[in-house]
Amino acid sequence: MENFTFYSPTYFAFGNGEENHTGSYIKRFGGSRVLIHYGGGSVVRSGLLDRVKKSLEEEDISYVELGGVKPNPRSGLVYEGIELCRKEHVDFVLAVGGGSTIDSAKAIAAGSVYDGDFWDYYQGKKVEKALPVGTVLTIAAAGSEGSPDSVITKEEGMLKRGATGEGLRPKFSVLNPALTQTLPAYQTAAGITDIMAHLFERYFTNTENVEVTDRLIEGLLLSVIHEAPKVIADPDDYQARANIMWAGMMAHNNSCGVGREQDWGSHDIEHELSAVYDCTHGAGLAMVVPAWMTYNLKHDVNRFVQLAVRVWGCQMDFQNPEVTARAGIRALKNFLRSIGMPLNFGEIGAKEEDIKKMAHTSCYGNGRKGTVGKFVRLGEEDVEKIYRLML
Ligand code: NZQ
Ligand code: ZN
């Protein structure tokens, strides 16, 4: 295990009705003038936004609102939010929605107290200072409710890039599983896929002796695989939603990733798909992750075998461990298919002729110097071959 520091000070309020206390959580973390940020309207239609506003009013907290965040959130709205925060002397940013809304809120929070262009943070500059951010989460997926990260797409060139820094970690997050019951099945499944991908990105490591985090990851994967069919069959299954929601947070606040080198190649490869085709991030990952696994299998067959046996219950083939490893990848594909995720390029409207350009951008974007991933450092040609496995 490698040396590490771990400091994850987000306050979580989990359970039915917790959104009605949002005002008191904002007060606890010093907010008095709030920007309420939300997406394309699901929180308006469900009545959630009204309940959250009421809880702020009960605490005499004033607010301004900015809706309209799109999935794969754009820089244009971030600039608008920064201007609004400055004009209205906002001292707290509240995201009510999914990962896209939370990421947009984080970008606004950082940009509002920065003299330069907020995009600097999405080109490698670490975020040291930001307005405090709180979240009321409506989808179990990205893990942004407990992470110090934000991903934004710049309209010019459709560049999807990430920023990170402790200043971006939410002060509090309200997690009410019942709020996720209105999700369309496709979004639920894409969220589940993203959660699993966050675990795989940490699982595939060259660091040895990481038994605790290996087992934590495997345990979370087993739980998600067990609960997923329940929510697909019955969207109102509160208990299954609850387990998936907490797994989503655990998968990405890095408690499972400490002390080990992490990969993140699949995410870098996927971000090109959601940037170019505006597909749902989790759906893009459903195509990328099995292809990435197939391509990198030989780098450390034993690690793939361990996953296949411990998580997918595959039979160990002692003569030919690769057979077991491949059975694990097949089991993952079957699972993703069973929850309604795409596995091939055509299913999200992706095109073969874009492959070369996407392979190049994924290896050179975000300050990268020609490779993605750590488990195996993949160059442009490797990434191109991985995209081709999805055709
Ligand atoms: O915009 P509204 O109307 O709210 O609709 C959303 C959106 O269309 C809808 N939705 C959300 N909650 C709902 C709901 N519809 C009905 N009922 C509800 N309860 O679902 C759609 C997707 O929402 P979005 O916020 O985009 O989902 P998600 O949480 O998957 O976020 C995806 C974004 O997060 C980034 C991704 O790249 C992508 O841009 N990521 C952020 C990370 C981070 N900050 O740590 C890490 C991840 O790896 C990921 O890259
Ligand atoms: Zn993700």
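Domain bounds, as I use them here, come from an automatic or database domain assignment.

I note that this is a predicted model, in which local features need pLDDT of at least 70 and side-chain atom pairs count only at pLDDT 80 or more, while totals for chains, interfaces and linings use all residues. Residues are numbered from 1 along each chain as its sequence is written, chains are lettered from A and ligands numbered from 1 in the order in which they are written, and side-chain values use heavy atoms, with hydrogens and water left out.

**Entry 1: second largest pocket**

I looked up the second largest pocket and recorded a volume of about 160 Å³. On a 1 Å grid over the protein atoms alone, a pocket is an open set of points where a 1.4 Å probe fits, with protein on both sides within 12 Å along at least five of seven lines; lining residues have an atom within 4 Å of a point. Its lining includes Met158, Arg161, Glu272 and Thr361. I found that β7 (159–164), α9 and α13 each give two or more residues to this lining. Helices (H or I, at least four residues) and strands (E, at least two) are DSSP runs, numbered from the N terminus. Domain 1 (11–179) and domain 2 (185–389) each supply at least three residues of the lining.

I placed Thr361 in helix α13 (residues 355–364). Thr361 has a relative accessible area of 18% and is therefore buried; buried means under 20%, exposed over 50%, partly exposed in between (1.4 Å probe, protein chains only). Leaving aside residues up to four places away in sequence, I found Thr361 touching Arg161, Glu272 and Arg368 (contact: heavy atoms within 4.5 Å).

Met158 sits in the loop between β6 (149–154) and β7. I noted a positive phi for Met158, near 45°, and a relative accessibility of 28%, so Met158 is partly exposed.

I recorded both as buried, His267 at 6% and His281 at 15%.

Asp278 lies in the loop between α9 and α10, and I read its phi as positive, near 55°.

Note on methods: Grid points are joined across faces, edges and corners, and a volume is the space filled by probe spheres set on the points.
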